[in-house]
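Here are a few notes to read alongside the model.

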Amino acid sequence: MTETAIMDAGAPQPHVMVLPFPAQGHVIPLMELSHRLADYGFKIDFVNTEFNHGRILKSMQNKGGIPEGIHMLSIPDGMDPADDHTDIGKLVGGLPAAMLSPLEEIIKTKKIKWVIADVSMSWALKLTNTVGVRIALFLTYSASVFALRMKLPKLIEDGIIDESGNVKMHKMIQLSPPIDSTEIPWVSLGSTAERRRVNIRNVINTNQLMGLADVVICNTFREVETEALALLPDALPIGPLVAPVSKLTGNFWSEDQTCLTWLDKQAPGTVIYVAFGSSTVFDATRFQELADGLVLSGRPFLWVVRPNFTKEIKEEWFNQFKQRVAGKGLVVTWAPQQRVLSHRAVACFMTHCGWNSTMEGVLHGVPFLCCPYFSDQFCNQSYVCNVWKTGLKLCANEQGVVTKEEIKDKVVQLLGAEDIKERAIMWKNKACASIGEGGSSHQNLLKLVKLLQEG
């Protein structure tokens, strides 16, 4: 099967709906996939919640508008305007009731045959029975975490965790990568036992719907998750997904392009890039230790501090900090991450280990400093530090704080570790080969295109 053959087939391209969970790390990879499908002539209806729809349109003002082939739609998320839309527990609970009926109407009106649904929106699999649509399930986390998700009832049955996510037995879960029971994603996903119980019950209930999916798509590649993908023999790994530089990326905040000019002025392989995604929140102590640690490292740094990253730091203190480090460090609200990671000046990536960030770091051959916050990020850290061996873990003290001294020491250790740098380049080469013509992910993308063409 060749790419040219698919593009010249002459068959009418189906109308595909893409449905991400309303969080930044879910919207971005599905937008990247939408671009790839639009390149093959597919018509894409990209469905966001009304809350996120406005944020994306505002952030894309410098991107030249919505690309041809992608139609942006919005549906209410069931929350009141005054509600905290970052409250994942509350958001998850209301989405099915708020969105299923409008989705059914859109599908029937537009005669849509396929929906590519985020695995975190797997209640959408019910659409196969109500409107006869076919579903491609998209994993916004690793194949390993999906395999762990399917084992969640067994973990409860074996007494490792209870139905509220409380850890009852400390042991290593033997998957690839091995993970400590205290770091199972659903243990940290929810601020209260009741929230965790609701999340876990939702996962177990929707696990029973997985057989309704026609195909499972993964933002990963065969070589980097060989063992986990062996547990999912019918899955199509098509990653790492990459957004076109000049096109809509689905960001909730506007990218600060001036950081690229700043990077151009730095020496090769010297800059620490620091970004903790869209959900991580630091208290004042953690924030100040991180700030002081970056200064103490003696290295130039580019630090992404989005507006809701911390609420405990006084603006006056932070402005003084930015003035103090001017010339040596740059702080921005949001960055064009893939362009930053591919820049020659970047030496390493201090990250929360979200799956998107992890795949982007792998693709660009950048060593990691790992500081996971919650959910699957601990699994991803285990991949980085224990399996691929392309980074180091930042260890917190007894109070749960990564100290400035720990940051300085790990920066020195990482940037002096030639073996880690060599492995990072090795995985970069494998990732690039996978998405290049004839690579494993490229071939799987062509299989997906053919499947979607069947209608």
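1. Let's begin with one tyrosine. Tyr 273 touches Leu 302, Val 304, Ala 335, Gln 337, Val 340, Leu 341, Val 346, Cys 348, Phe 349 and Met 350, with residues up to four places away in sequence not counted; contact here means heavy atoms within 4.5 Å. Please keep in mind that this is a predicted model, where local features need pLDDT of at least 70, side-chain atom pairs count only at pLDDT 80 or more, and totals for chains, interfaces and linings use all residues. Residues are numbered from 1 along each chain as its sequence is written, and side-chain values use heavy atoms, leaving out hydrogens and water.

2. Buried means under 20% relative accessible area, exposed over 50%, and partly exposed in between (1.4 Å probe, protein chains only). Helices (H or I, at least four residues) and strands (E, at least two) are DSSP runs, numbered from the N terminus.

3. Now have a look at helix H15 (residues 377-388), where 10 of the 12 residues are buried. Among them are Phe 378, Tyr 383 and Trp 388. Lys 389 follows H15 and has a positive phi, near 55°.

4. Lastly, Ser 164 sits in the loop between helix H7 (152-157) and strand E6 (172-173). Ser 164 is buried, at 17% relative accessible area. Beyond its neighbours within four places in sequence, Ser 164 is in contact with Ala 193, Arg 196, Arg 197 and Ile 200.
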